[in-house]
Amino acid sequence: RDPFIPSLTNHYNLACSDDVVSMADSTVTVEDIEGELFKIERIRDVLVRRESELRYMMDDIQLCKEITRLKKELHKLVSMPDNDKSTEDRQKEEELLLQIHKLVETRDFLVDDVEFERLREKEEDKEMADFLKSKFPRNIKKTGVPTRRVASRAQQTSSPFTKTGLTLLKECCGFTCAIM
């Protein structure tokens, strides 16, 4: 045995029998590990949701920019006196109106998708809270999140991911948009 290599028993907890070595610290319980794994899974879920919200926001911003551009172009044509408009100008007006209409419909579908996702996420959260109540009845506080004896620094900070996609869309052009 090499004297420079510390004994496994100094760093690892011996489980069940002397020939089975666990990598877990002796103070860590299976419940603690399950709790940590659950927290990591919830963080992953929050990040996936946030990614989805950001994609919706990007789509919304692009649609709003395009609608605004087309409206400016249309406004130039509409502000011309009818006598000065060529057949091409009238056709361009019609094309612009159709394009704007299609983009507004697309944006309406986007907003509907965001609302559907929000409702789905709300249902998922309810199901998760019910599951947690059954799995960790003594460790659940009012928030529906399992608690540990000692919270880490990351757990003590509030989550920046509290807004739903619909709220983010409302703030980012959404229902307050001049286009609508």
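This is a predicted model: local features need pLDDT of at least 70, side-chain atom pairs count only at pLDDT 80 or more; totals for chains, interfaces and linings use all residues.
**Overall fold**

The chain holds five helices and two strands. Along the sequence, these elements run α-β-β-α-α-α-α. Of the 180 residues, 24% count as buried.

**The α2/α3 pair**

Two packed helices are described by the angle between their axes and the distance between the axes. Here the pair is α2, residues 30–78, and α3, residues 87–135. Their axes come within 9 Å. They cross at roughly 165 degrees. Angles over 145 degrees count as roughly antiparallel, and α2 and α3 are therefore roughly antiparallel to each other. The crossing of α2 and α3 is left-handed. By class, the contact of α2 with α3 has 18 nonpolar residues, two polar residues and 18 charged residues.

**The nonpolar core**

In soluble globular proteins, nonpolar side chains tend to be buried together. In this model, the largest nonpolar core has eleven residues. They are Y56, L63, I67, L70, L74, L77, L96, I100, L103, L110 and V114. The elements that give two or more residues to this core are α2 and α3. Helix α2 supplies the largest share, six residues.

Which helix holds K71, and which holds E117? K71 lies in α2, and E117 lies in α3. The table sets out their accessibility.

| Residue | Relative accessible area | Class |
|---|---|---|
| K71 | 37% | partly exposed |
| E117 | 18% | buried |

Why does E117 count as buried? Buried means under 20% relative accessible area, and E117 has 18%, so E117 falls in that class.

What does the side chain of E117 contact? The E117 side chain makes a polar contact with the side chain of R120, at 2.4 Å.

How far apart are the C-alpha atoms of K71 and I100? They are separated by 7.4 Å. Along the chain, K71 and I100 are 29 residues apart. I100 is also one of the residues of the largest nonpolar core.

Note on methods
Residues are numbered from 1 along each chain as its sequence is written. Side-chain values use heavy atoms; hydrogens and water are left out. Axes are lines fitted to C-alpha atoms, for helices over the stretch in contact, and angles run from 0 to 180 degrees between N-to-C directions. Helices (H or I, at least four residues) and strands (E, at least two) are DSSP runs, numbered from the N terminus. Angles under 35 degrees count as roughly parallel, over 145 as roughly antiparallel, 65 to 115 as roughly perpendicular and the rest as oblique. A crossing is left-handed if the near helix is turned anticlockwise from the far one by less than a right angle, and right-handed if clockwise. Ala, Val, Leu, Ile, Met, Phe, Trp, Tyr, Cys and Pro count as nonpolar, Asp, Glu, Lys and Arg as charged, and the others, Gly among them, as polar. A nonpolar core is a set of buried Ala, Val, Leu, Ile, Met, Phe, Trp, Tyr and Cys residues joined through side-chain atoms within 4.5 Å. Buried means under 20% relative accessible area, exposed over 50%, partly exposed in between (1.4 Å probe, protein chains only). A polar contact is a pair of N or O atoms within 3.5 Å; within protein, one must be able to donate a hydrogen and the other to accept it, and residues adjacent in sequence count only if both atoms are side-chain atoms.
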